[in-house]
Amino acid sequence: MGGGQDTRVYIVGAGPGDPALITKKGLDLLRKADCILYDALIPVELLFYTKEDAELIPVGKKWGVTQREINRLMESKVREGKLVVRLKGGDPFIFGRGGEEAVYLRGRGIEFDVVPGVSAISGVPAYAGIPLTYRGFSSSVCIVTCRESHSKCGKVDWKSVAGLKGTLVLFMCAMKAREVREKLLSAGLSGETPFSSIRWGTTSSQEVISGRLEDLGERTVAPPCLTVVGNVVEFRERLSWFERKPLFGRTVLVVRPKDEALKLAEELRTYGARALIFPAIKFVPTNPRADLLEDVLDTDWLIFTSKRGVRFFVHVLRRFGLDVRAIKSHIAAVGEGTAQELSGYGIAADLIPEKASAAGLLEEFRKMGIGGEKMAILRGGLKNEALRSGLEGLGAYVVEMTLYRTVPAGEREAQILGPLLPEVDAFIFTSPSGVDSFLRAFGAKGRKVLKGGFIVAMGPTTGRYLEEKGFRVDVMPIAPTNEGIIEAVLMTIRQNGHRRSPLTSNPESAPDRITSWPQKEAPKHRGIFYRGGLDVSQNPDEEAEEEW
C-alpha cells in the first residue's frame with residue numbers, strides 16, 4: 001500500500017506561478033505522494049520535488065482530460081491504496097473547482113484534505129507592485145470572474161461592482177477585455193480609472209500592461225492574465241520590485257544530482273530566474289564488505305574526496321552497527337564543503353588543502369611527510385589514479401573503498417523538460433557525467449540548444465569536458481560553490497550594463513528586461529570568465545561532483 005496508511009486525496013493549492021509560493025504543507029505532501037494529478041497552470045518546477053516512483057498525471061483541458069475523468073481518476077487512484085495529491089493552481093477553492101471535486105469525493109465516501117494555496121488574487125498584484133488596499137485609496141476589494149455562467153446566480157451585477165469604489169480584481173478577463181470595459185463604463189466607472197493587466201504573474205515571464213479603463217482591451221493580452229482596476233494601480237510605478245531582479249526574464253537549467261540541483265535552483269529564483277533542474281545522475285551505494293571496512297578503520301588517515309562520500313561512509317558504519325566513534329584515524333577533507341559535511345556528523349577534519357583538488361591534497365601530504373603510513377581513500381565509483389599513485393609515490397600504503405557508484409537518471413524529468421528546452425537561456429553543468437547524461441537524454445535537440453545557449457561549468461574538469469564535446473564555456477567561477485556560480489552569472493550581467501546579457505542565444509532580438517540591480521548583497525565569491533578557450537590555471541576542481 002503506497003504512502004503508508006495515508007490513502008486519501010489531498011486537494012493542494014500550488015500558488016499562482018512562483019514555485020516558492022507553495023505552502024510548506026503542500027510541498028511536504030508532494031514529496032511523499034504516490035500519485036499527483038496536476039493542472040496545466042501549476043509551476044512544473046514543483047514536479048521535480050516528487051519522489052522517483054511517483055505517478056505524474058497531467059489533467060485538464062490542455063491534455064484533453066475532462067472534469068468527470070479527473071474525478072474518476074482521483075477515486076480510482078485512492079482506491080488503489082495510494083496517497084493522491086490533486087495539485088491545482090492558486091487556491092483550489094477560489095475559481096479552481098476544488099469545491100466540486102471535494103463534493104464528488106465526499107459523495108463516494110473518500111477521505112480528503114484541502115491545503116489552501118496563495119491565490120492569484122493577492123499574489124499576482126503583489127508581484128506587480130500593486131497593493132490591493134491602501135489607506136486613503138482603497139478600503140475594499142471586489143473579485144469577479146469574467147466568465148459568467150447563464151444561471152441567475154452566475155450573472156455579475158456590474159452596476160454594484162462599479163459602485164464599490166474600491167479595487168476590482170478581474171479573473172479570466174483577457175479574451176473579454178473590451179466587453180468588460182464597456183460594462184464597467186456603462187455602470188458608471190470613470191474611463192480615467194487606472195488598470196494593470198498582468199500576464200504570467202509571479203513568474204519570470206511576468207508581463208504587465210497598464211493604462212486607463214477606456215483603453216482596456218485595445219492591446220491583446222493572452223491568458224493566463226489577471227486585471228486590477230482601481231487607483232491603487234498607480235503605486236506600481238513606485239513599488240515595482242520583481243522585474244528589478246537581475247535574472248528576471250531568464251530561464252536557467254541546472255544539470256546536477258537532484259538534491260544539489262534543487263538547492264541551487266531555489267537560490268537562483270531569489271534573483272528572479274526561472275530555474276529548472278535536470279537530475280542527470282544519481283548515486284547508489286556499493287555495500288562494501290565488513291573486512292574492507294575493518295581494514296579502512298585500521299589506517300593512519302581517512303581521505304574524504306566529496307561531501308557525498310561522507311554521507312555514504314556514515315551509512316556504511318551504521319549498516320554494521322557502528323558510528324563515528326569507530327574512527328580513530330586522522331581525517332583529510334578535499335575542501336571546505338567536505339569539511340563542513342564532516343562537521344555535521346561531529347567529525348573534525350585534520351587537513352584541508354588550500355586548493356580543493358587531488359593535487360592540493362598531495363601537496364599538503366608531501367609537506368608533512370607520510371612515508372610508511374597507511375592511507376584510506378573513500379571515493380565514488382570513478383577512480384582518480386593520480387591521487388592513489390601520488391600517495392604511493394610519497395611512500396604511503398593505500399587502500400580504497402568505493403562507497404557509491406554513479407548511474408544515469410532524469411528519464412522522467414527529460415519528458416517534462418523536452419518542450420521547455422528552447423526557452424532555456426543558461427545551462428549549468430557540474431560534472432562530466434552530467435554532460436553525458438544530458439546529451440543522452442536530449443540528443444540532437446540538446447546539442448542544438450547548448451550550441452546557442454550560455455554555458456556555466458562549475459570547474460575545470462567539467463569545462464574541459466564540455467569543450468572536448470564541442471561546446472563553448474562562457475563562465476567558470478573561481479569558487480566551485482552555489483554562491484560562486486551565482487556571483488559569476490551576476491557579474492556577467494553587470495559587465496553588460498543594462499543591455500541584454502549573453503544569457504540568451506539571441507541577444508539582439510531579446511527584449512530589454514533589466515532595468516536596475518537589486519539592493520540585496522551579492523555573494524562574496526568572484527567569478528573568472530573564459531570565452532573562446534578555457535584557461536583552468538586559477539580554478540580548483542569541484543569537490544562534490546567531479547567524481548575523482
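**Salt bridges up close**

**View 1. Arg325 and its partner Asp323.** With a relative accessibility of 64%, Arg325 is exposed. In this predicted model, Arg325 pairs up with Asp323 in a salt bridge, and their closest N and O atoms sit 2.8 Å apart. Asp323 itself comes out as partly exposed, at 31% relative accessibility.

**View 2. Glu400 meets Arg388.** Here the closest N and O atoms of the salt bridge are 2.8 Å apart. Glu400 belongs to strand β17 (residues 397-402) and Arg388 to helix α13 (residues 385-393), so the bridge links parts of the chain twelve residues apart. Glu400 is buried, its relative accessible area being 16%, while Arg388 is partly exposed at 25%.

**View 3. Arg108 reaches Glu75.** These two side chains form a salt bridge at 3.7 Å, N to O. Arg108 comes from the loop between α3 (98-107) and β5 (112-115), and Glu75 from helix α2 (residues 67-79), so the bridge ties together parts 33 residues apart in sequence. Arg108 is partly exposed, with 39% relative accessibility; Glu75 is buried, at 17%.

**View 4. A four-residue network.** Asp39, Arg86, Lys88 and Glu101 are joined by a network of salt bridges. Across the whole structure, the search turns up 38 salt bridges.

View 5. For the protein chain, the average pLDDT is 87, and 88% of the residues score at least 70.

Definitions and conventions. Residues numbered from 1 in each chain as written. Predicted model: local features only at pLDDT ≥ 70, side-chain atom pairs only at ≥ 80, totals over all residues. Heavy atoms only, no water. pLDDT = per-residue confidence, 0-100. Helix = DSSP H or I, 4+ residues; strand = E, 2+ residues; numbered from the N terminus. Buried < 20%, exposed > 50% of the residue type's maximum accessible area, 1.4 Å probe, protein only.
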